[in-house]
Amino acid sequence: MQFDQRQLDYFNASSGAYSEATEREIYDSQITATDYEALLLFDYFDYDQIHRGNVKSNPDAASKPFKIHPSGESVELNLVFPKPGKDELRLYLRKGVFKPREGAVWYLFVRNSEMWLGQMSQTVWRGRFLEGTDNAEENLLDDDASADFQQVLNDQSGTARAVPDLVLRSGQHFARSAKVARDAIRNSGFCCEVYPEYPSFTSRVTAKPYVEAHHFIPMGLQGSFASSLDVESNICVLNPTVHRLVHSGVISEVEPVVEQLFEHRKDFVHGIGLVLDDIRNIYLKL
């Protein structure tokens with residue numbers, strides 16, 4: 001399918017297309033590009049310059065340059081018309097280079113005269129583009145970053161006011177438990193899980209180092225999951241500087257932090273059907 005304006009804006013692309021990676025495509029490690037996907041590849045690589053014949057007959061001509069989203073890594077993949085006299089365009093996948101998961105959305109787009117490839121779980125794709133979200137960053141930049149929310153969590157007295165529901169601009173409401181987040185903070189020993197050596201300040205409420213709670217899989221994606229995202233295993237405890245970094249930092253500084261947070265809760269992430277590529281698509285925007 002062809003990118004709509006929201007997808008063009010999100011990927012900062014001049015053109016793009018996407019489809020679901022089928023079981024057969026992943027098993028065979030090859031995708032037959034059709035419809036707008038094929039047109040996009042014809043136009044970018046020049047229809048007459050795409051090799052006709054199997055890859056082995058001319059490996060240099062078969063190999064084409066791509067960039068992988070969101071890492072920006074430059075790779076080479078084979079793209080050919082394998083059948084004589086037919087315009088069946090085939091992209092060959094390579095594990096460790098680019099091979100989407102079965103059922104994931106795979107996408108390609110042109111940005112700044114470069115062809116990009118990527119994959120995103122159906123869950124994250126729907127949360128980004130198909131559930132009435134007007135702003136692609138809305139699911140990440142939610143009220144976890146608000147001072148009011150964090151102040152309530154740092155009151156460990158048990159008598160603090162309740163945390164208000166998270167309300168997205170699309171009108172969706174998701175409840176968050178102050179107790180769950182407070183327990184995560186308490187069980188961390190009031191210590192940032194990424195940079196425990198970073199200086200903090202003493203909370204006037206707890207007389208402990210001030211730290212904040214952050215939902216690793218954002219609560220704005222709750223509508224895509226049957227199980228709750230408001231659980232302690234999904235809550236990161238961060239000092240305020242690291243928390244703002246996760247929300248607002250440049251990719252080169254955000255990526256290693258996000259990967260470390262992923263490693264700490266890999267079982268939870270895999271348990272709800274996501275992988276590291278999905279996390280990168282939530283947090284990293286090139």
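I worked on a predicted model, where local features need pLDDT of at least 70, side-chain atom pairs count only at pLDDT 80 or more, and totals for chains, interfaces and linings use all residues. Residues are numbered from 1 along each chain as its sequence is written, and side-chain values use heavy atoms, with hydrogens and water left out.

**Helix α7.** I looked up residues 178-187, helix α7 (helices are DSSP runs of H or I, at least four residues; strands are runs of E, at least two; both are numbered from the N terminus). Buried here are Ala178, Ala181, Arg182, Asp183, Ala184 and Ile185 (buried is under 20% relative accessible area, exposed over 50%, partly exposed in between, with a 1.4 Å probe and protein chains only). At the helix start, a side-chain oxygen of Ser177 comes within 3.2 Å of the backbone nitrogen of Lys179. Just after α7, I found Gly189 with a positive phi of about 70°.

**Cysteines.** I counted 0 disulfides (a pair of cysteine sulfur atoms within 2.5 Å). Cys191 is partly exposed at 29% relative accessibility. Cys192 is buried, at 6% relative accessible area.

**Lining classes.** I sorted the lining of the largest pocket and got 6 nonpolar, 5 polar and 6 charged residues (Ala, Val, Leu, Ile, Met, Phe, Trp, Tyr, Cys and Pro are nonpolar; Asp, Glu, Lys and Arg are charged; the others, Gly among them, are polar).

How values were computed:
Polar contact = N/O pair within 3.5 Å; in protein donor to acceptor, adjacent residues only side chain to side chain.
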